[in-house]
Amino acid sequence: MQYMRMPPRKILFASIVALILIIFSSVVVYKQSKSTSKVSEGILVPIEETAASINSTEQTPTSNTGSTNQTDILSKQVFSNYMVLQQSGNLNDQNVQDLTEQLSDQILASSPSAKVYTLSDIKIISNPTKEDIKNYGNQFFIIRTRSQNMYIRNITAPNSPILDSSINGTANTFVLMGNVYEKIVADLLKLPVPNVLVNLHLQLVNNYAGSAFGLKKFNELNADPIAAVSGLSQYGKNSQEEETLVEKIGQYFIENGIIFSATDPGYGWNTI
């Protein structure tokens with residue numbers, strides 16, 4: 001089965017490196033404007049503590065000065081740690097590199113918060129027949145094929161943002177991809193699901209919802225670059241999980257004698 005893929009991972013990591021440079025540039029500017037500031041008790045605060053602060057805040061649209069802005073929160077923490085290193089006489093290339101690597105790890109670990117669906121959101125078939133299960137497989141494949149075709153139409157249109165090499169064009173391309181995932185979620189929530197497959201189905205719904213949310217976060221690049229890159233990181237993780245979940249559904253069909261002929265919409269399950 002074909003999957004929608006994110007751009008090569010090197011693009012994501014290049015974004016992270018660029019973001020780190022932005023953060024440290026802001027550290028220098030902030031240092032200059034706050035040269036008389038006192039660092040709280042001279043304590044080097046672990047980046048992980050900032051992670052808790054970032055992930056505990058409600059994910060809402062923010063501005064550069066918003067209190068829930070991930071970049072703003074982490075920039076201040078990086079500055080604090082930078083100043084502690086300087087005041088303690090430990091500001092050297094190795095420690096700055098370590099601080100940069102911690103920041104990179106934190107960006108990748110940050111997970112934007114998408115809506116989480118539960119079993120109460122799923123239409124469950126309590127006593128499914130083999131025909132019910134096969135119909136689910138056919139309808140699921142119809143939804144995926146329709147969504148993939150929607151994505152292809154969007155990116156091959158004459159005015160497709162994928163033709164725009166600017167950062168705005170990239171952001172708009174990710175938004176289009178996010179729209180496709182949102183459509184998949186809406187369609188899967190309408191699909192009756194055999195109880196034997198409901199847990200896998202629910203995991204996929206939340207997987208796609210998380211991908212949609214993460215992709216659209218990139219549109220906040222100017223206001224909150226860390227949230228934007230974290231969103232892409234989340235999409236990368238979800239893409240890998242998606243393959244595993246889909247393969248498990250396909251394996252269930254095989255193990256339980258659910259056969260899709262060449263004329264069935266779900267014939268693609270036979271190739272997983």
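Tutor: A crossing counts as left-handed if the near helix is turned anticlockwise from the far one by less than a right angle, and as right-handed if clockwise. The model discussed here is predicted: local features need pLDDT of at least 70 and side-chain atom pairs count only at pLDDT 80 or more, while totals for chains, interfaces and linings use all residues. Residues are numbered from 1 along each chain as its sequence is written, and side-chain values use heavy atoms, with hydrogens and water left out.

Student: Which pattern does the protein chain follow along the sequence?

Tutor: The protein chain has eight helices and two strands, where helices (H or I, at least four residues) and strands (E, at least two) are DSSP runs numbered from the N terminus. Read along the sequence, they give the pattern α-α-α-α-β-α-α-β-α-α.

Student: Among contacts in the protein chain between residues at least 6 apart in sequence, what percentage join residues at least 24 apart?

Tutor: A contact requires heavy atoms within 4.5 Å. Among contacts in the protein chain between residues at least 6 apart in sequence, the share that joins residues at least 24 apart is 81%.

Student: How far apart are the end C-alpha atoms of H5?

Tutor: The expected span of a helix is 1.5 Å times one less than its number of residues. H5 has 27 residues, so it should span 39 Å. The model agrees with this, as the end C-alpha atoms of H5 are separated by 39 Å.

Student: Which elements do the buried residues of H5 pack against?

Tutor: Buried means under 20% relative accessible area, exposed over 50%, and partly exposed in between (1.4 Å probe, protein chains only). In H5 the buried residues include Ile133, Tyr136, Phe140, Ile143, Arg144, Ser147 and Tyr151. The buried residues of H5 pack against H6, strand E2 (193-194), helix H7 (198-217) and H8.

Student: Are H5 and H6 roughly parallel or antiparallel to each other?

Tutor: Axes are lines fitted to C-alpha atoms, for helices over the stretch in contact, and angles run from 0 to 180 degrees between N-to-C directions. Helix H5 (residues 130-156) and helix H6 (residues 167-190) pack at an angle of about 160 degrees, with their axes 10 Å apart. Angles under 35 degrees count as roughly parallel, over 145 as roughly antiparallel, 65 to 115 as roughly perpendicular and the rest as oblique. H5 and H6 are therefore roughly antiparallel.

Student: What is the handedness of the crossing of H5 and H6?

Tutor: On the H5 side, the meeting residues include Phe140, Ile143, Arg146 and Met150, and those of H6 include Leu176, Val180, Lys183 and Asp187. The crossing of H5 and H6 is right-handed.

Student: In which crossing, left-handed or right-handed, does H5 pass H8?

Tutor: H5 and H8 pack at an angle of about 150 degrees, with their axes 11 Å apart, and they are therefore roughly antiparallel. Ile133, Tyr136, Gly137 and Arg144 in H5 meet Glu242, Val246, Ile249, Tyr252 and Phe253 in H8. The crossing in which H5 passes H8 is left-handed.

Student: How many of the 31 residues of H8 are buried?

Tutor: Helix H8 (residues 225-255) should span 45 Å, and its end C-alpha atoms are 46 Å apart, which agrees. One of its residues is Leu232, which counts as buried at 3% relative accessibility. H8 is largely enclosed by the rest of the structure, because the number of its 31 residues that are buried is 22.

Student: How far apart in space are Leu200 and Leu245, C-alpha to C-alpha?

Tutor: Leu200 lies in helix H7 and is buried, with a relative accessible area of 17%. Not counting residues up to four places away in sequence, Leu200 touches Leu245, Lys248 and Ile249. Leu200 and Leu245 are 45 residues apart in sequence, while their C-alpha atoms are separated by 6.4 Å.

Student: In which crossing, left-handed or right-handed, does H7 pass H8?

Tutor: The axes of H7 and H8 come within 8 Å and cross at roughly 155 degrees. That makes H7 roughly antiparallel to H8. The crossing in which H7 passes H8 is left-handed.

Student: Which residue just after H8 takes a positive phi?

Tutor: The phi in question is about 70 degrees. The residue just after H8 that takes this positive phi is Gly257.
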